[in-house]
Each structure stands twice: as C-alpha cells, then as structure tokens.
Amino acid sequence: MLTRLANPARFMRISGVVLVPLGLAAVAVLAIGLYLALFVAPPDYQQGESVRIMFVHVPAAWLALFAYLVVAMASALALVWKHPLAEIAAQAAAPLGAAFTFVCLVTGSLWGKPMWGTWWAWDARMTSVLVLFFLYLGYIALANAFDDMARGARAASVLALVGVVNLPIIKFSVDWWNTLHQADSVFRMGGPTIDPSMLWPLLIMGLGYLLLFKTLLLIRMRTALNEAKARALRLAASTRHPAEPVPDATPVLR
Amino acid sequence: MTQYLHLFRRELQLAFRQGGEIGLALGFFVLAVVLFPLGVGPEAEILRRIGAGIIWVAALLAAVLSLDRLFATDYADGGLDLLALSAMPLEGAVIAKCAAHWATTGLPLVLMSPFLGLLVGLDGVSIALLALGLLLGTPALSLLGAIAAALTLGARRPGVLSSLIVLPLYLPILIFGAGAVEAGIASGGARPHLLLLGALSLGALPLAPIAAAAALRQALD
C-alpha cells in the first residue's frame, strides 16, 4: 500500500478519482451531523442549549490531535524510509491541524464563558492544547525557513517527532491534574459516560470532521505536487532556452 | 572519554576567551528581572508573589538567547563537519557541548538567582527552592535548546525561529520550576515539583542529544 502509493503519478491518479466522492461524503455527513446536533439532540439538563457547542468543539479537539499524529507518522516515514509523498503529506496536514486546534481553542473559549464564567483558564488541558498550537506554528515556520526546501522539510520532520511528547500529555492532562476542564467522557476505560442521544450526533460530527480533513489533505497534497511539477517544468523550460521568454507552464495532472 | 573532555574543555575555553559571552547572558538575566519591579511597581507584596515566576521566565529567555552559541559558529567555520567526521558519535559531541553550554550559562544563572531572589523580596526557603529548582531544571534548558539550535542551522532568522520552537518545549520546566517555589510558600510541598524537574532533565539527557544529532546530520549533508 505505502510503496504502491509512493509513485506521485499514481497517487495523483488515484486521489483524483477518490477526491470528489470523499468531498461529497464529507459535506453529507457534516450536514447530517449538524442537523442531529442542532435540532435532534436534546438540550442538557444543566447547560441548556449551549451544550450544542460540544458538537463543534470536541471533534475539533479530536482532529487537532489526529492531525498531529498524521504529521508525526508521515515525518517518521519521511525520515526513515524517505517516502517521497510523506513529507508532502506532513506539510499538507500541519496547517489543517493548526486550524482544527484553533477552532478547538476558540469554541472552547466561547463555551467556557457561559459555563465556567471565564474565557480562559490556565488549566492543564487548555495549556497543553495551546502548546500543540504553538508546535504546529513552529513546525510550519521551520518548514518554510530555508532556501533549500528539502532541508526545511527534513528539519521540520525532526521537530514533529520531538513534539509527539505533547500528545499523551494532552490526552491524560485531565486525569493527571484535577482542574477545570472535565475528564474524558467518550474514549475512556469502561465505555462512554455520555448519553446515547448526544453520543451519536457527536460521533457523526467526528466522522464528518475526519472526512473533511481527508478531503482537504488530498487537495493540499495534490496542489503541492502540481506546484512542484510546475516549478520543475518552468526550470526545465528556462534552462533549455535561456534566451527565450519562459512559456506559461500550466501542467494538467489527472 | 578523553575526546569528550577535550571537546568540553575547548568549549569552555572558547566561552571564556571570547569574553563577554557568559557575561552577556547573565547581564540579560539580571536586566530582565530588574525590568519587572519597574514595570509592575515596587510593592513588596506583589513582587514577593510573582518574583519566582519572573526569575524563571528571565532564565528561560536568557537560555534561549544563548542558544546560537551552541552550534552556529562551528557550523559557519566548518568545525561541525570535523566533529561529524571524528570517531566520536555525534550524540556524544552534543552532550559535551550541552555540558559546556550549561556550565557557561545555566550554572551562572543558578549562582546569580539567590541575589535576584533577594532583589524581589523572597524569603530564605523560597530562595533555596528557587536555586535548587534552577539547578535541576537548567540542564534540560540546554539539552532541549540544542535541538532547536541544531534544527535552525542555516535558516533565515534562526534566533526568532529557535525561540518559537523551543519555548513551547520549555513550558513544563517553567511550570514545575515556578510551581516548586509557589508550593514551598503555600504548603511546604515542593518535593514533587523538584522531583519532576529532575526527571525532565534526566529524561532529556539521553533523548535530546539523539534528536539534536539527527538534526545536525541533516543540516550537514
């Protein structure tokens, strides 16, 4: 699977076929999930209607962690096996993960104000997610900090692996430190403690976020490959006929 | 083993003979702490409350500022290539360089901290906890900093970049370091904080050189 997809041309072909159905599925699942979350799911007995922020906040947090895992695993693939698509995948996933982390922080803040009476508290879960956001920013900045792009990609891969230490800290922060943020109620030992009427919309929203992430990841990877190809074509054109003006190289990859 | 000692001695000699290197980080440390009483006002009660945090933050920033000394000059003059070619594993060279870096920045900060503690009005126990915490935590600052210093070799604006990379990694050290003094004031339960600080340094000792050496290798090829 990994070696078969290592050929960029084959990746472009397969991803081109998969992309549209995947995108449509993401839209459909998100629409169903939002309908269930906003209209079908019951209001919370304590929090009332504002519990519905959960359906946006919690999947964003899941995806923020998942995207970092993707970045880290792709970085490991790139460093160990020099997989040609792995660095592209890692760099394509990082801004998406940063965006999910940002959504998680903002919605958490909006939720915290009515529930806890504060926009922000320096508790362990929030602080470690904020650190995750800065790790993403550091990764993106480092990947783009070198004139030699391959160098930037490798340096960023090492950093991504160093940052993995933060993931278990985020996951278990609510268990290790007894602070404001509530403990896990979905992925925990002994099954979820959340009522099925809320759990199902939440899981469907999670699936919708995941499909959205995959769609955007494929689009970003395809764009990165096309950009690389355009650069190579322009370079080849300019070295072959140095006197002539560079033709507008618009490659069509399918 | 003698190779490591040689490298360690060379780094120390460079730091001492190039003069000002040690003084610079120390001067920054003191100045950064002095800024706070002028900024938040000289009320003794407030200063005592936030003093340990200020000193820890200043120590973090001073450590970040001194990171470019770790590899940048050797990278520029080719000394790093020779180190990579030598029989000694690059991880070992990183440890030796970190040890020298700690001896010339971390240790002076530890020695200076009691005076700064007096400056912000900490009591005797708090000062002892502050200095002990710095002693346990500053090795991790040098070791984690080596990763960032190695990653940003040859980057555009390496100074800003390495601080962006390394400060999130420094956060646990800051939390437990300042927490030790805080816990000492509140309940006398500073021991777990200090143990965790020591654990961070001990954990970074074998792991950080591996990451830093990997970063150096990809910077050199």
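This is a predicted model: local features need pLDDT of at least 70, side-chain atom pairs count only at pLDDT 80 or more; totals for chains, interfaces and linings use all residues.

Which are the buried residues of helix 1 of chain A?

Reply: The buried residues of helix 1 of chain A are Phe11(A), Ala26(A), Gly33(A) and Ala37(A). The helix itself spans residues 8-40 and has a kink of about 35 degrees at Leu19(A), shortly before the proline Pro21(A). What covers its buried residues includes helix 2 and helix 7 (196-240) of chain A.

Chain A comes to seven helices and zero strands, and along the sequence its pattern reads α-α-α-α-α-α-α. Of its 254 residues, 34% count as buried. Among contacts in chain A between residues at least 6 apart in sequence, 72% join residues at least 24 apart.

Now to the covering pair. Two packed helices are described by the angle between their axes and the distance between the axes. Helix 2 and helix 7 of chain A pack at an angle of about 45 degrees, and their axes are 9 Å apart. That angle makes helix 2 of chain A oblique to helix 7 of chain A. The crossing in which helix 2 of chain A passes helix 7 of chain A is right-handed. From helix 2 of chain A, the residues that meet helix 7 are Met54(A), Phe55(A), Val58(A), Pro59(A), Ala60(A), Trp62(A), Leu63(A) and Ala67(A). Helix 7 of chain A answers with Pro201(A), Leu202(A), Met205(A), Gly206(A), Tyr209(A), Leu210(A) and Phe213(A). By class, the residues of this contact divide into 14 nonpolar, one polar and no charged.

Lys82(A) sits in the loop between helix 2 (54-81) and helix 3 (86-116) of chain A. Its phi is near 50 degrees, a positive value in a residue other than glycine. As background, most residues other than glycine have a negative phi. Lys82(A) is exposed, because 11 other C-beta atoms lie within 10 Å and 12 or fewer is the cut-off for that class.

Arg157(B) has a positive phi of about 50 degrees although it is not a glycine. Arg157(B) is placed in the loop between helix 7 (124-151) and helix 8 (158-186) of chain B. With 11 C-beta neighbours inside 10 Å, Arg157(B) counts as exposed.

The contact takes 14 residues from chain A and 14 residues from chain B. On the side of chain A, the elements that give two or more residues are helix 4 (124-143) and helix 5 (149-163). Helix 4 of chain A supplies the largest share of that side, seven residues. Sorted by class, the side of chain A that touches chain B has 12 nonpolar, one polar and one charged residues.

How does helix 4 of chain A lie against helix 8 of chain B? Their axes come within 9 Å and cross at roughly 155 degrees. The two helices are therefore roughly antiparallel to each other, as the cut-off for that description is an angle over 145 degrees. Helix 4 of chain A passes helix 8 of chain B in a left-handed crossing. Helix 4 of chain A contributes Val131(A), Phe134(A), Leu135(A), Leu137(A), Gly138(A), Ala141(A) and Leu142(A) to this contact. Helix 8 of chain B contributes Leu161(B), Leu164(B), Ile165(B), Pro168(B) and Leu171(B). These residues divide into 11 nonpolar, one polar and no charged.

One residue of that list, Val131(A), is worth a look by itself. Val131(A) lies in helix 4 of chain A and counts as buried, because it has 20 C-beta neighbours inside 10 Å. Leaving aside neighbours within four places in sequence, Val131(A) is in contact with Asn166(A), Pro168(B) and Leu171(B). Val131(A) and Leu202(A) are 71 residues apart in sequence and 25 Å apart in space, C-alpha to C-alpha.

Key
Residues are numbered from 1 along each chain as its sequence is written. Chains are lettered from A and ligands numbered from 1 in the order in which they are written. Helices (H or I, at least four residues) and strands (E, at least two) are DSSP runs, numbered from the N terminus. The bend at a residue is the angle between axes fitted to the seven residues ending there and the seven starting there. Two residues are in contact if their C-beta atoms, placed from the backbone, lie within 7 Å. Ala, Val, Leu, Ile, Met, Phe, Trp, Tyr, Cys and Pro count as nonpolar, Asp, Glu, Lys and Arg as charged, and the others, Gly among them, as polar. Axes are lines fitted to C-alpha atoms, for helices over the stretch in contact, and angles run from 0 to 180 degrees between N-to-C directions. Angles under 35 degrees count as roughly parallel, over 145 as roughly antiparallel, 65 to 115 as roughly perpendicular and the rest as oblique. A crossing is left-handed if the near helix is turned anticlockwise from the far one by less than a right angle, and right-handed if clockwise.
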